[in-house]
Amino acid sequence: MDEFVTTEMHTGGEPLRIIEKGYPDIHGATILEKIQTMKKTMEDKRKLLMFEPRGHYDMYGVLLVPPDIPSADVGAIFMHNQGYSTMCGHAVLALGRYIVDKGIVKDPTIPETKVNIQCPCGLVESYVKYDGKKTGAVRFFSVPAFLFAKDISVDVPGYGKITVDISYGGAFYALVALSQYNMDRSATIQKIRDAAGATTDTLKKQLKLTHPDSEDLAFLYGTIVTDGKDQYSEDVSWNVCVFAEREVDRSPCGSGVTARIAQQYTRNLIKIGQTRTFEGPTSSRFTAKPVKEVTYGDYSAVIVEVSGNGYYTGTSKFTLEADDKIGRGFLLN
Ligand SMILES: O=C(O)[C@H]1NCC[C@@H]1O
């Protein structure tokens, strides 16, 4: 196995391992085809970098690949404890800085530099604060986000009947108020992880999702447990996103707050231009606002602008010895 070199960042506490060396060129004409190639032939590399002893249960990573949309500066393939995701807002908030700092975008402009990142769900336009020396906060415009279904009743084993909305913010999420599980903010992360995970598992068995562009984008990525404060106000709204194989997002979740704004906009709870602040389990915050109504397939959708900060935490070089069986990646949960 090759040597792997990474730059490590986090956004609101959520890790982002940016893989710079160790993967070959990925076969596929589109990002979604490249993901299929990785699923078939490169799972060992994902496990090596995401799982223990080099990662952990809640690890998150990204591989930059050549984009297939001409206006994109880079393509991004996101990975986690279960596989590959269609969108990652926290990664875009960190990657914006990384792409400018690495000189991948030539001639950066002050006070903001535009970076176009092709995500599996589509092109995400981001703007990186730049003062000529240092990069800072990043904002991005989501792909069209829409409320897929509302008030779905589901009987979750161990939790009873609850009502959920399904919303798309580059990935599909079930949105559930914490009170539906008879919990309040004193609930432990483990309890929230279990309840949200059981909800995702149950819904996956019962619900057929469709996406206007591709079947590869039509799957339930996770459940976001919220404080139920969906009506616009200047108050902070709290949520925890549990995605993939019950992985807990430390940040407020960029695609998740996009999905929440799409839900709120479609339910007439927020207007174009109104900004909300969302807080994740580490108390880190993103802001998000609906900026433009658009039509997307059969959906009335909205473009959402999300803002936040990513930070560098270091660089890593990883190796694997030929006779190391355990070191290929494992998870203890
Ligand atoms: O911010 C986000 O959108 C991502 N964070 C982890 C789960 C999502 O992909």
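Biologist: How do the residues of the shell around the ligand divide into nonpolar, polar and charged?

Modeller: Happy to start there, with the reminder that this is a predicted model. The shell holds seven nonpolar residues, four polar ones and two charged ones.

Biologist: And which residues are the closest to the ligand?

Modeller: The ligand is surrounded by 13 residues, and the closest are Gly-89, His-90, Asp-249, Gly-254 and Ser-255.

Biologist: How much of the ligand does the protein bury?

Modeller: Compare the area of the ligand taken alone with what the protein covers. Alone, the ligand exposes 260 Å², and the protein buries 100% of that.

Biologist: Where does the ligand sit, and which elements give two or more residues to its shell?

Modeller: The ligand is in the largest cavity. Helix H3 (89–101) and helix H5 (254–266) are the elements that each contribute two or more residues to the shell.

Biologist: Let's turn to aromatic rings. How many aromatic pairs does a search of the whole structure find?

Modeller: The search gives 13 aromatic pairs. To read one, look at the distance between ring centres and the angle between planes; under 30 degrees counts as stacked. Phe-146 and Tyr-299 form a stacked pair, 4.0 Å centre to centre with 15° between the planes.

Biologist: Why does that pair tie together parts that are apart in sequence?

Modeller: Phe-146 belongs to strand S9 (residues 146–156) and Tyr-299 to strand S17 (residues 299–308), so the pair links parts that are 153 residues apart in sequence.

Biologist: Now the backbone. Which peptide bonds are cis?

Modeller: Look at omega. The bond from Glu-52 to Pro-53 is cis, with omega near 5°, and Pro-53 is in the loop between helix H2 (43–50) and strand S3 (61–65). The bond from Ile-110 to Pro-111 is also cis, with omega near 5°. Pro-111 is found in the loop between H3 and strand S6 (112–119).

Biologist: What is the phi of Asp-107, and where does this residue lie?

Modeller: Asp-107 has a positive phi of about 50°, although it is not a glycine. Asp-107 lies in the loop between H3 and S6.

Note on methods
Residues are numbered from 1 along each chain as its sequence is written. This is a predicted model: local features need pLDDT of at least 70, side-chain atom pairs count only at pLDDT 80 or more; totals for chains, interfaces and linings use all residues. Side-chain values use heavy atoms; hydrogens and water are left out. A residue is near a molecule or strand if one of its heavy atoms lies within 4 Å of it. Accessible areas come from the Shrake-Rupley method with a 1.4 Å probe; for residues, only the protein chains shown count as cover. On a 1 Å grid over the protein atoms alone, a cavity is a set of points where a 1.4 Å probe fits but cannot get out, and a pocket is an open set with protein on both sides within 12 Å along at least five of seven lines; lining residues have an atom within 4 Å of a point. A molecule sits in a cavity or pocket if more than half of its atoms lie within 2 Å of its grid points. Helices (H or I, at least four residues) and strands (E, at least two) are DSSP runs, numbered from the N terminus. Ala, Val, Leu, Ile, Met, Phe, Trp, Tyr, Cys and Pro count as nonpolar, Asp, Glu, Lys and Arg as charged, and the others, Gly among them, as polar. Rings of Phe, Tyr and Trp (its six-membered ring) pair if their centres lie within 6.5 Å; planes under 30 degrees apart count as stacked, over 60 as edge-to-face and the rest as tilted.
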